[in-house]
Amino acid sequence: MVWEEVVEGGITRFVAVYQSTLPPEIGPVRSVRPMDPAIAGPLHGLIAFSGGQRQYIDALAGAGLQVLSQDAGAGGFYRVTTRRAPHNVHATPQALLDQADPAHRAGPPPQFLIAGPGEQPTAAVAGAPAATVQLTLLGLSNPSWTWNPPDGTWLRTEGAARAVEAGGAQLRAANVVVLRVDVVNTSARDPADNPVPETLLVGSGEALVATGGRTVAAIWSKASVADPVVLAGPDGMPLRLAPGTTWVELVPNRTGAVTTG
């Protein structure tokens with residue numbers, strides 16, 4: 001899973017979740033934000049980062065996560081010479097996992113309901129055909145997802161450019177889950193004196209689920225920081241996603257927009 005969240009300065013950050021398939025390298029690794037405990041807490045696993053205000057780091061530990069901080073000397077991190085600081089911190093995922101304590105070695109509980117053998121994702125049976133999902137998170141962040149029938153995935157672009165991994169492959173997902181959320185400014189400021197925003201994830205709101213070239217309206221809810229997001233249709237029935245990578249787009253109610261085509 002990958003979560004995209006609004007941060008200060010008019011940009012977004014990714015919270016990337018790795019479980020059964022680990023790449024040899026991830027990066028750049030950046031700092032934590034106030035909504036990260038609500039995003040990562042339900043996984044009950046490790047969270048690795050570089051930098052962050054003490055109150056947010058403490059909240060991660062309070063959410064039951066094992067904290068691996070590059071600034072605090074945790075292993076598995078290193079700096080590359082192809083980027084300038086602070087964008088040059090990378091990590092070896094296996095080296096991070098090797099530091100798991102006994103309380104954080106179990107696999108995570110399910111975060112979404114996935115269609116099993118003989119079942120169809122909800123969008124495939126109840127959704128409307130859609131070739132694109134276009135998003136506005138902030139003025140500087142306008143990602144879109146285009147359905148690609150040959151490989152059965154949604155392909156990501158940012159503005160007019162393909163969004164790619166380090167090796168050049170375009171980012172793709174089996175599911176794109178759009179959550180409409182409230183974003184408020186906290187009392188904290190970043191080094192450039194921008195207010196640090198927080199996405200409010202405990203509660204409920206409108207959602208859109210894109211799977212298999214179709215989209216379906218949904219309602220999201222999250223009972224507490226420790227609970228996962230629950231997706232339900234307008235009829236209250238739970239929504240099933242397709243197996244595979246899921247991107248969760250946290251689109252602000254006030255500044256954001258969602259269109260399909």
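Helices (H or I, at least four residues) and strands (E, at least two) are DSSP runs, numbered from the N terminus. The structure in the viewer is a predicted model, in which local features need pLDDT of at least 70, side-chain atom pairs count only at pLDDT 80 or more, and totals for chains, interfaces and linings use all residues. Residues are numbered from 1 along each chain as its sequence is written, and side-chain values use heavy atoms, with hydrogens and water left out.

**First stop: Asp193**

Select Asp193, in the loop between strand 13 (175-189) and strand 14 (195-200). Asp193 is not a glycine, yet its phi is positive, at about 70°. Most residues other than glycine have a negative phi, and most peptide bonds are trans. Asp193 counts as partly exposed because its relative accessibility is 49%; here buried means under 20% relative accessible area, exposed over 50%, and partly exposed in between (1.4 Å probe, protein chains only).

**Second stop: His44**

Next, select His44, which is placed in the loop between helix 1 and strand 3 (46-49). The phi of His44 is also a positive value in a residue other than glycine, near 55°. With a relative accessibility of 36%, His44 counts as partly exposed.

Select Gly27 and Pro28, which are joined by a cis peptide bond with omega of about 0°. Pro28 has its place in the loop between strand 2 (12-16) and helix 1 (36-40). Then move to Ala85 and Pro86, where a cis peptide bond has omega of about 5°. Pro86 is found in the loop between strand 5 (77-79) and strand 6 (89-91).

Select residues 153-158, which make up strand 10; five of its six residues are buried. Two strands pair if DSSP finds at least two bridges between them.

Thr146 has Leu155 of strand 10 as its bridge partner. The two strands form a hairpin with four residues between them, and Gly152 in the turn has a positive phi of about 65°.

Strand 11 (residues 161-162) pairs with strand 10 in the antiparallel sense over two bridges. Here Thr157 stands opposite Arg162. Strand 10 and strand 11 also form a hairpin, with two residues between them, and the turn holds Gly159, whose positive phi is about 65°.

Strand 12 (residues 172-173) is likewise an antiparallel partner of strand 10, over two bridges. In strand 12, Arg172 is the bridge partner of Leu155.

Return to strand 9 and select Ser144. Ser144 counts as buried because its relative accessibility is 13%. Its side chain makes a polar contact with the side chain of Thr157 at 2.5 Å. A polar contact is a pair of N or O atoms within 3.5 Å; within protein, one must be able to donate a hydrogen and the other to accept it, and residues adjacent in sequence count only if both atoms are side-chain atoms. Leaving aside neighbours within four places in sequence, Ser144 is in contact (heavy atoms within 4.5 Å) with Val133, Gln134, Leu155, Arg156 and Thr157.

**Last stop: the aromatic cluster**

Finally, select Phe14, Trp145 and Trp247, which form one aromatic cluster. A search of the whole structure finds three aromatic pairs. Rings of Phe, Tyr and Trp (its six-membered ring) pair if their centres lie within 6.5 Å.

Notes:
Phe/Tyr/Trp six-rings, centres within 6.5 Å; stacked < 30°, edge-to-face > 60°.
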